[in-house]
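Please go through the points below with the sequence and the model open side by side. They are meant to be read in order.

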Amino acid sequence: MAMKDIITKIRTEKGLTQEQMAHELYVTRQAVSRWETGETSPGIDMVKLICTTFQVPLERFFEMPMGYYCQCCSMPIPDPELHGTEADGSPSESYCTYCYQHGDFTAKDADMDEFIEATAQMEADALGVSREEAVSLMATLLPHLKRWSED
């Protein structure tokens, strides 16, 4: 489902007009209209505000099932060769090769904040956003991933 469809669905599920949604988010009705037509998309911080304001999980904006992306860095891992390895050499079900090899994390001594700082630019480049937006997104997503939620 495209971003425009997700926003429209959230608005209609809450029984709001574009004007009412705009008021709740401190934007114009035209901004909501442009999001819903796909002319523009809200930035990462606005997506976070939409989630908070309308009590929807951030994951709703991402169509990937939990097993589809790395439970450490959130990178999609659809191909078997991108999966990390367990201690016995078998593919990891949960982690990518960049985060997990031979049954251990590659950045095992890094806490979540250090991990975000170390990988934010790669995330920004991959998503085509600023480093600051990548940090913001990662700080919102990572706490829900298996590696960081178990700490």
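1. Elements. Helices (H or I, at least four residues) and strands (E, at least two) are DSSP runs, numbered from the N terminus. With that rule, serine 74 sits in the loop between α4 and β1 (83–85). Proline 78 is in the loop between α4 and β1 as well, and so much for naming places.

2. Source. This is a predicted model, in which local features need pLDDT of at least 70 and side-chain atom pairs count only at pLDDT 80 or more, while totals for chains, interfaces and linings use all residues. Residues are numbered from 1 along each chain as its sequence is written, and side-chain values use heavy atoms, with hydrogens and water left out.

3. Overall layout. The protein has 7 helices and 4 strands. Along the sequence they follow the pattern α-α-α-α-β-β-β-β-α-α-α. The C-alpha trace spans about 55 × 25 × 25 Å along its principal axes.

4. Surface and interior. The protein exposes about 8600 Å², and carbon and sulfur atoms supply 52% of it; accessible areas come from the Shrake-Rupley method with a 1.4 Å probe, and for residues only the protein chains shown count as cover. Of the 151 residues, 36% are buried. Buried means under 20% relative accessible area, exposed over 50%, and partly exposed in between (1.4 Å probe, protein chains only).

5. Contacts along the chain. Contact means heavy atoms within 4.5 Å. Among contacts between residues at least 6 apart in sequence, 45% join residues at least 24 apart.

6. Helix α2. Which residues of α2 are buried? They are Gln18, Met21, Ala22 and Leu25. These residues cover an arc of only 100° around the axis, which puts them on the same side of α2; the arc is that of the directions from the helix axis to the C-beta atoms. An α-helix has 3.6 residues a turn, so residues three or four places apart point the same way. The buried residues of α2 pack against α1, α3 and α4.

7. Alanine 22. This residue is in helix α2 and counts as buried, at 1% relative accessibility. Leaving aside neighbours within four places in sequence, alanine 22 is in contact with Val27, Thr28, Arg29 and Val32. Alanine 22 and leucine 142 are 120 residues apart in sequence, and their C-alpha atoms are 28 Å apart in space.

8. Tyrosine 26. Just after α2, tyrosine 26 takes a positive phi of about 60°, although it is not a glycine. Tyrosine 26 lies in the loop between α2 and α3. Is tyrosine 26 buried or exposed? At 75% relative accessibility, tyrosine 26 counts as exposed.

9. Helix α4. The buried residues here are Ile44, Met46, Val47, Ile50, Cys51 and Phe54. Seen down the axis of α4, they fall within an arc of 165°, so they line one face of the helix. They pack against α1 (3–13), α2 (18–25), α3 (29–37) and α6.

10. Glutamine 55. α4 is followed by glutamine 55, whose phi is positive, near 55°; this is a residue other than glycine. Glutamine 55 is found in the loop between α4 and β1 and counts as exposed, at 70% relative accessibility.

11. The largest pocket. About 660 Å³ of space lies in the largest pocket. Of the 29 residues that line it, the closest to its centre are Cys73, Ser74, Glu123, Ala126 and Leu127. The elements that give two or more residues to the lining are α4 (44–54), α5 (112–127) and α6 (131–141), and α5 gives the most, with 6 residues.

12. Pocket terms. On a 1 Å grid over the protein atoms alone, a pocket is an open set of points where a 1.4 Å probe fits, with protein on both sides within 12 Å along at least five of seven lines; lining residues have an atom within 4 Å of a point. Grid points are joined across faces, edges and corners, and a volume is the space filled by probe spheres set on the points.

13. Serine 74 and proline 78. Serine 74 is buried, with a relative accessible area of 11%. Leaving aside neighbours within four places in sequence, serine 74 is in contact with Tyr69, Glu123, Leu141 and Leu145. Proline 78 is partly exposed, with a relative accessible area of 44%.
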